[in-house]
Amino acid sequence: MAETNINHHCIVCGTGYHACDTCQEIKGIAPWRAYTDTVEHYKIFSVLQDYNGKKISAEDAKTKLDNCDITGWESFKESSASLIRKILATETKKVAKTTKTTKKSKKAENDDEK
Ligand SMILES: [Zn+2]
């Protein structure tokens, strides 16, 4: 049972996990393994990073977090949890964003991709 070869700790939730160092060199397969235990946490991490670096607003961060699985965030590492708490406390002004996209047909958008 001593196979808990923990050599990493998730920078979001603090959970210890094992990430194969050989695999890590093969970037592209799962580069997030170097930072977090799950890909969901990596998504959260990038949101927190962007928010912390003021690349995105708290509202944007909140929207993005809505799309992540933040289950159990209250027991994440304090640094992450406090940021998430701050973001979640943000009032999102539900300004009905004028749907400019309605003019553009979805088909046209798809055709845009080269
Ligand atoms: Zn984690």
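**Helix packing and the nonpolar core**

I11 counts as buried, with 20 C-beta neighbours inside 10 Å. In this predicted model, I11 is found in the loop between β1 (8-9) and β2 (16-17). Leaving aside neighbours within four places in sequence, the contacts of I11 are Y35, T36 and F45. The pair I11 and Y35 is separated by 24 residues in sequence, while the C-alpha atoms are 5.9 Å apart in space.

The protein chain comprises 5 helices and 2 strands, and these follow the pattern β-β-α-α-α-α-α along the sequence. Of its 114 residues, 20% count as buried. Among contacts in the protein chain with a separation of 6 or more, 48% are accounted for by residues 24 or more positions apart.

The largest nonpolar core has 16 residues, of which V12, I44, V47, Y51, L65, I84 and I87 touch the most other members. At least two residues of this core are supplied by each of α2, α3 and α4. The greatest share comes from α2, which gives 4 residues. L65 touches I44, V47, I70, I84 and I87 when residues up to four places away in sequence are not counted. In soluble globular proteins, nonpolar side chains tend to be buried together.

The axes of α2 and α3 cross at roughly 175° and come within 10 Å. The two helices are therefore roughly antiparallel to each other. On the α2 side the contact involves I44, V47, D50 and Y51, which meet A58, A61, K64 and L65 in α3. By class, the residues of this contact are 6 nonpolar, no polar and 2 charged.

The loop between α2 and α3 contains K54. This residue is not a glycine, yet K54 has a positive phi of about 55°. Most residues other than glycine have a negative phi. K54 counts as exposed because 8 C-beta neighbours lie inside 10 Å, the limit for an exposed residue being 12 or fewer.

The packing of α3 with α4 has another geometry: the angle is about 105° and the axes are 8 Å apart. This angle makes α3 roughly perpendicular to α4, since values of 65 to 115 degrees fall in that class. The contact is formed by A58, A61, K62 and L65 of α3 together with I84, I87 and L88 of α4. These residues divide into 6 nonpolar, no polar and 1 charged.

Within α4 (residues 78-88), the buried residues are S80, L83, I84 and I87. They cover an arc of only 100° around the axis, so they lie on the same side of α4. The buried residues of α4 pack against α2 (39-52) and α3 (58-66). E78 and S82 are exposed and are carried on the face of α4 turned away from the buried side. I84 and I87, which belong to the buried residues of α4, are also among the members of the largest nonpolar core that touch the most other members.

Definitions and conventions
Residues are numbered from 1 along each chain as its sequence is written. This is a predicted model: local features need pLDDT of at least 70, side-chain atom pairs count only at pLDDT 80 or more; totals for chains, interfaces and linings use all residues. The arc is that of the directions from the helix axis to the C-beta atoms. Two residues are in contact if their C-beta atoms, placed from the backbone, lie within 7 Å. Axes are lines fitted to C-alpha atoms, for helices over the stretch in contact, and angles run from 0 to 180 degrees between N-to-C directions. Angles under 35 degrees count as roughly parallel, over 145 as roughly antiparallel, 65 to 115 as roughly perpendicular and the rest as oblique. Ala, Val, Leu, Ile, Met, Phe, Trp, Tyr, Cys and Pro count as nonpolar, Asp, Glu, Lys and Arg as charged, and the others, Gly among them, as polar. A nonpolar core is a set of buried Ala, Val, Leu, Ile, Met, Phe, Trp, Tyr and Cys residues joined through C-beta atoms within 7 Å.
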